[in-house]
Amino acid sequence: MIGANIKLEEIEAVIVNNGPGSYTGVRVAEGVLKVLELDGLTGYSFYEFEMLKLTVKEGVWISNAFKEEYFIYHWGNE
């Protein structure tokens, strides 16, 4: 983070939002996370909709994806 004055040693964990989005952007973020994990940091990688799914038992998630596409995910009450 530019201007945050945070040292790497002060970070306890890193969370990566793993899409939807550009394939290259997702892969770069995952790669950086893996490098930080090699350095001893705890890393978490979630798909965008999974964070909400952890707290809400049923729902529909709709978001912009890549190149004017949409991502739709429904969970619960199968």
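Biologist: What is the mean pLDDT of the chain?
Modeller: This is a predicted model, in which local features need pLDDT of at least 70, side-chain atom pairs count only at pLDDT 80 or more, and totals for chains, interfaces and linings use all residues. Residues are numbered from 1 along each chain as its sequence is written, and side-chain values use heavy atoms, without hydrogens and water. pLDDT is the predictor's confidence in each residue, from 0 to 100. In the chain, 92% of residues reach 70 or more, and the mean is 83.

Biologist: Which residues make up the largest nonpolar core?
Modeller: A nonpolar core is a set of buried (under 20% relative accessible area, 1.4 Å probe, protein chains only) Ala, Val, Leu, Ile, Met, Phe, Trp, Tyr and Cys residues joined through side-chain atoms within 4.5 Å. The largest one has five residues: V14, V16, L33, L36 and L41.

Biologist: Which elements each supply at least two residues of this core?
Modeller: Elements are DSSP runs numbered from the N terminus, helices being H or I of at least four residues and strands E of at least two. The two suppliers are β1 (13-17) and α1 (23-38).

Biologist: Which residue forms a salt bridge with E37?
Modeller: A salt bridge needs a side-chain nitrogen of Lys or Arg within 4 Å of a carboxyl oxygen of Asp or Glu. Here the closest N and O atoms are 3.5 Å apart. The partner of E37 is K34.

Terms used. Buried means under 20% relative accessible area, exposed over 50%, partly exposed in between (1.4 Å probe, protein chains only).
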